[in-house]
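Student: Hi! Could you help me look through a structure for a few minutes? I'd like to ask about some single residues.

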Amino acid sequence: MNAKSILFLSLILITTSIQAQRIKGSDTVLPVAQQTAERFMNRNADARVTVTGGGTGVGISALMDNTTDIAMASRPIKFGEKMKAKAAQKEIEEVIVAYDALAVVVHPTNPVKQLTRKQLEDIFRGKITNWKQVGGEDRKIVVYSRETSSGTYEFFKESVLKNKNYMSSSLSMPATGAIIQSVSQTKGAIGYVGLAYVSPRIKTLSVSYDDKYYAQPNVENATNKLYPIVRPLYYYYNAENKDAVTPLIDFILSQEGQDIIKKSGYIPVK
């Protein structure tokens with residue numbers, strides 16, 4: 001191979017190499033983003049992907065500030081965020097990478113097994129304050145929620161509370177792991193987490209939106225639309241950065257990527 005051929009081949013390798021990518025945002029999306037990023041790097045020796053949480057709002061703000069390449073989100077981008085992007089002359093692209101069931105969780109010793117949407121609304125709004133009001137023990141209910149920058153906080157408010165406000169005395173947690181830890185240590189606790197975070201440390205409740213049929217949060221029930229608290233999970237990126245992020249997004253939407261999503265407790269998009 002002559003010098004010209006070597007130079008040409010080198011240029012091809014440089015122009016087709018996969019750039020370093022930064023992913024930031026939703027704690028709900030974090031586990032599967034990490035797993036797919038690791039597999040992607042195993043498949044592409046020159047790829048460098050870093051994944052950090054912090055919440056949906058944090059991720060979208062980072063996208064605006066150019067401190068991340070992809071924002072993970074567990075809610076759609078807000079109108080105000082779109083306007084901010086437009087003012088900064090940024091065109092934000094949206095991709096649904098998975099779906100997630102939101103599990104309502106309590107302490108493992110709690111005898112309550114199921115709640116209606118209205119009962120959940122009344123608990124998180126402070127109208128029901130004792131477990132005996134919903135068939136449980138005579139014990140004060142301790143409500144754990146996510147912080148306001150969380151997409152999970154927004155979605156639970158929209159779907160379960162019908163956009164009414166949470167009770168002012170609910171305990172705001174900075175991350176999903178903090179809710180798991182707090183609920184597992186507090187007998188009267190209730191909270192909500194993404195399905196992938198469910199563990200034996202806490203107990204999930206069956207939920208009904210029609211007051212008749214109750215469904216447990218699991219991949220099968222969510223896929224069959226039997227479990228009602230399900231939402232899309234998103235990747236957002238700047239359109240001008242499309243070429244750089246496309247290989248990674250194509251991978252998470254591939255059969256291999258979607259298999260990882262299903263095995264991790266999320267619902268595939270296809």
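Predicted model: local features only at pLDDT ≥ 70, side-chain atom pairs only at ≥ 80, totals over all residues.

Student: Is Asn163 buried or exposed?
Tutor: Exposed, because its relative accessible area is 54% and the cut-off for exposed is over 50%.

Student: Okay, on to Gln89. Which loop is Gln89 in?
Tutor: Gln89 belongs to the loop between helix H4 (79-87) and strand S4 (92-106). Gln89 is not a glycine, yet its phi is positive, at about 60°.

Student: Buried or exposed, that Gln89?
Tutor: Gln89 is exposed, with a relative accessible area of 74%.

Student: Let's change topic. Which helix holds Ser182?
Tutor: Ser182 is part of helix H7, which covers residues 176-185.

Student: Why is Ser182 called buried?
Tutor: Its relative accessible area is 15%, and buried means under 20%.

Student: What lies 2.9 Å from a polar atom of the Ser182 side chain?
Tutor: That would be the backbone oxygen of Ala178.

Student: Leaving out residues up to four places away in sequence, which ones does Ser182 touch?
Tutor: Ser182 touches Tyr144 and Met173.

Student: Great, thanks for the tour!

Terms used. Residues numbered from 1 in each chain as written. Heavy atoms only, no water. Helix = DSSP H or I, 4+ residues; strand = E, 2+ residues; numbered from the N terminus. Buried < 20%, exposed > 50% of the residue type's maximum accessible area, 1.4 Å probe, protein only. Polar contact = N/O pair within 3.5 Å; in protein donor to acceptor, adjacent residues only side chain to side chain. Contact = heavy atoms within 4.5 Å.
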